[in-house]
Each structure stands twice: as structure tokens, then as C-alpha cells.
Amino acid sequence: MDVRETLNLLNVAPPVGDMPVRTPIDGSEIGRVAYDTKDSLDKKIAAATAAFREWREVPAPKRGDLVRIFGNVLRDHKEPLAHLVSIECGKILEEGRGEVQEMIDVCDFAVGLSRQLYGLTIQSERPDHTMQENWLPLGPVGVISAFNFPVAVWAWNAALALVCGDPVVWKPSEKTPMTALACHALFHQAVLRYGGAHPGLCSVVHGARDVGEWLVDDPRLPLVSATGSVPMGRAVGPRVAARFGRSLLELGGNNAVVVTPSADLGVAMPSILFGSVGTAGQRCTSTRRVIVHESLHDQVFSTLTKAINGLKDRIGDPLEEGTLIGPLIDKQAFDAMQASIAATKKDATEVFGGERVLADKYPDAYYVVPAVAKMPKQTENVHAETFAPLTYVIPYATIEEAMQIHNAVPQGLSSAIMTTDVREAEYFKRHSDCGIANVNIGTSGAEIGGAFGGEKETGGGRESGSDSWKAYMRRQTSTTYFGTERPALAQGIKFEV
Ligand code: NAD
């Protein structure tokens, strides 16, 4: 784990400051950064505002050129950036690579989009009139991101915002500032290859909640895209609305897989295992609940716990080949997991795993055996997201009951059904209240081509693919009269003078 060497490969000068940055791998300090002040944030937003005046005038396909070059810079630096992601947030290197690949993929998507920001032409009710719907650049976008996807979430926002004509001011999680600096340095390389751009086009601000709040309150940012926990969204949403800004909220999940009697367990179990323990249970799309037909309740619980038992020697340093489960981000995450397990023990018939491991080797880091709770029914404790590997296995009797259990939680991000019955699959898709509803693949992870996000307390925002670019632009309806007579009024209104 040579941080200096990794930063060097990314052309990032080691940052200076007084706020320590720690790796969850062993809890050691890997550097220090300086937090922004109100004044430095103000200057960065002012620079973004100035950049907007220039960038909005650049034709969208030319804006796409910069994003294409950035995608290529990322390709050239995929390995060291993936390394830094693993060091800073603790996900296994393979998933770090996947995260950087997601950045590259969204750049490709955005480049194509830069020639497809289509509006509409609308039939006018009046002669010699044309009506159009145009999409125009919105303005500087504030991005707040979570620790668990320290680079991809920014890239989803930035790639789309940039082709839409918007500068980006990014506040990464205070737990992962180094990867943000690396992204910024790589973006700067892309700008140089592109032939230059306003220095305010992309900027990074460091800090915790207070810096986030200053950003959220700034009326020069017409859109704030915030990814993180439900309490964060509950604070951010009303603040942005109070100044009539727009927010795009990507918040916590409580994702379930429904396993029906017709499920092919050879297909279902690997997805359930990855969803439950992959990324050490620290994905917004991690599988938190397995809602299983009562005839399979014992079988699914024992297959899952046996599989996790077989992974115990694959828990460890996420940079080491063969590791499948890395550490939790910090002690706070570990304590929250232990509190949830203690509460769950009152309701569950059996709880597997959950204990800390490797404490001798890494006294300042938090590695755990993923936990699985066998529940007689879904209880109140299950309704909260525990951002750690804790999966509840809950029985159901009928598909209607399964969906009632499924939809009873306040979050609505990702969902899945394991079935070979087309009727059940279609019933599930129609009745799942989540933004994502999969059939025979798990809840965890998503391709960048589809709109990503969820309903209810997950916040309702959509990022990444499909038409989510519309969130980064403003819609304008335009009517043009090209006749020579007095123009007619709409609805046939006469106003004779
Ligand atoms: P968090 O809510 O603690 O922090 C997220 C970001 O918000 C950080 O940058 C933090 O500094 C900032 N922040 C916190 N309070 C704020 C406030 N009042 N005003 C402005 N900014 C504020 O989340 P985390 O622990 O970093 O990440 C885990 C959570 O994020 C989980 O709940 C997970 O489900 C969620 N998440 C959701 C998605 C999604 O796309 N839906 C993706 C990744 C993570």
C-alpha cells in the first residue's frame, strides 16, 4: 500500500493540510488535506459561475470532446486510480477497477449524448407558428458524494453536467478526499490535451457537513446533486427547496430479493451472496433482505451462511489478490453494525456471523464476518438501513404477501425477484415500489445505461443513463411566428383595437 507511489502515478502532488486522511485497511494516516473555508468555497463557486458563461457557449459536441479525452485519460490511469479507491474506501481492488470502469463508461455515454440533447417540435394551433421545446445549460452544479463510491458518483454527475454545459463544484466525502484530488488532477490533464478551458469548470471543495451546508445554501448553484444517507437528504432537500433550487437526491436503500418456489437457486444464490457481502455490504444497492418462500426459508438461510463460512479466509486486505471482503470504513460503521445485530437478536430465531476478525493484525481497522439473521417475520428493526453486511432472511407464504413485506420499508432503491415463472416476474415488476426491479439478477450494482435511483426515502433522483441528462438542463418552450398578418392569440382570443 504505497500511497505516495500511487499518487505519483496519477500525477497528484501529496496534498498538504491539517485534516488527517485514514485508510480503512489498517487505520493508518495516509495524508492530510486542508478543508475549505467559506471564503475559499465562495471563490470556487464564483469561478464556476464565470466558467459557465464561457462553457455554455461551446457547442455540445465540442463539450463532448473534452469528456471523451477525460475518458481516455481515465483509461490510461485505471489501475492506479483503482488502487487509490481501494486504499481510501477499502473496497477490493477488483471492485475499485469496476468503479473506474464505470467512470469510463459514463464518459462514453455522455460523449454520445452530446450529439443527442434532443428537444421537441410541437404542432401549433395557430397558422404560421412553430413551437419548440429547447434544452439549455442550467448553470454550475453542486455535487455532494458519499464515501462508498468515491469516484464513480462524481463522474456520473460530471460527465453529464459537462456535456449539458454546466460546470461542477464537488464536495466529496470527508472520508475520501484523496481520490477526489486524483480525479481533479486527471481532469486537468484532459483539459490540457483539449487545449484549455476555464479553471472554474471543475473544482473540488473539502470539508464535512458544514462545508456541504454552505454549498447547499448557495443560490449560484441551481442544482445540487447529493448522494448519501437518508438523514443527509432530509437536511439537504428542504434547504435547496427553500431557495427554489433543484436537488437530485440519491439516498439510502433497503434492498430485497424475493425468492420464489420456482427459483433456480443455482442462479439465485451467487447473486444473493454478492449482494449481501460484496463491498462488505457498503453499497446503496447491497442486499439487506431476502424475502423467501416459507418452503425454502431454512434452505436459503443455510446455503447463504455456509457460503459465508467458506469465505472467512477471504476477508482481509482489499489490495491482496484473493480477498473478497475488505474492511468497514471505520469504527462508527462497526459500532452501528453491532448495535443493529444486538437489536436483531431480540427478533431473530438465529443470527450467523457479525463478529470482528483480524483485530490482532489490524487493531485500528474493522473487518467483520458478514452477518445473516433468520427472521420469523419482518420487524421494525429491519426498516432501517444498516450500512454494513447484515442480511435478514424473512419468510412469506404468497406472492402478494411477499410484495407487502417488500414494500413495507421506507426506502425504495433496488429490488429483485428470483423466479422461473413469467407471471411472478411481471407481477413483481408491477408491484415493486423501487426505482430498480431486476429479474434473476441481484440488487447490487447497475449498468450506467439505465437511469439510476429510487423512490420514497431514497429521494426520487435519477442519475446516469436514459434521459437523466434532463436534470442538468433547463427546459424552454419557444413559439415563433413567421407570418405577415397580425399574429393570432392562443385559444382564439380576440383583442381588437
Ligand atoms: P453521509 O450521508 O454520511 O455523507 C454523504 C455526504 O454528505 C458527505 O459528503 C457528507 O459530508 C455530506 N453531508 C452530510 N450531511 C450533510 C448536510 N447536512 N448538508 C450537506 N452535506 C452533508 O453518507 P456516507 O456514510 O458517506 O454514505 C453512505 C450512505 O450513502 C448510505 O446511506 C448509502 O445507501 C448512501 N448512498 C446512496 C447512493 C445512491 O445512489 N442512492 C449511492 C451511494 C451511497
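**Around the ligand, between helices and across domains**

In this predicted model, helix H8 (209–217) and helix H9 (230–242) each supply at least two residues of the shell around the ligand. The largest share of that shell, 4 residues, comes from H8. Of the 29 residues around the ligand, those that come nearest are Ala-146, Gly-212, Gly-228, Met-232 and Cys-284. Sorted by class, the shell holds 13 nonpolar, 10 polar and 6 charged residues. It draws at least three residues from each of two domains, domain 1 (3–251 + 459–477) and domain 2 (255–439).

These two domains are the parts into which the protein chain is divided, and their centres, taken over C-alpha atoms, are separated by 31 Å. The contact between them takes 14 residues from domain 1 and 16 residues from domain 2. On the side of domain 1 that touches domain 2, helix H4 (78–89) and H5 each supply at least two residues, and by class this side has 6 nonpolar, 4 polar and 4 charged residues.

Helix H5 (residues 93–113) also packs against H3, the axes of the two helices coming within 9 Å and crossing at roughly 160°. Because an angle over 145 degrees counts as roughly antiparallel, H3 and H5 are described as roughly antiparallel to each other, and H3 passes H5 in a left-handed crossing. From H3 the contact is made by Gly-64, Val-67, Arg-68, Phe-70, Gly-71, Leu-74 and Arg-75, and from H5 by Val-100, Met-103, Ile-104, Cys-107, Asp-108, Ala-110 and Val-111. Divided by class, the contact of H3 with H5 has 9 nonpolar, 2 polar and 3 charged residues.

By class, the residues of the contact of H3 with H7 divide into 10 nonpolar, 1 polar and 2 charged.

Notes:
Residues numbered from 1 in each chain as written. Predicted model: local features only at pLDDT ≥ 70, side-chain atom pairs only at ≥ 80, totals over all residues. Near = placed C-beta within 6 Å. Nonpolar A, V, L, I, M, F, W, Y, C, P; charged D, E, K, R; others polar. Domains from an automatic or database assignment. Axes fitted to C-alpha atoms, helices over the stretch in contact; angles between N-to-C directions. Parallel < 35°, antiparallel > 145°, perpendicular 65-115°, else oblique. Left-handed = near helix turned anticlockwise from the far one by under 90°. Contact = placed C-beta atoms within 7 Å.
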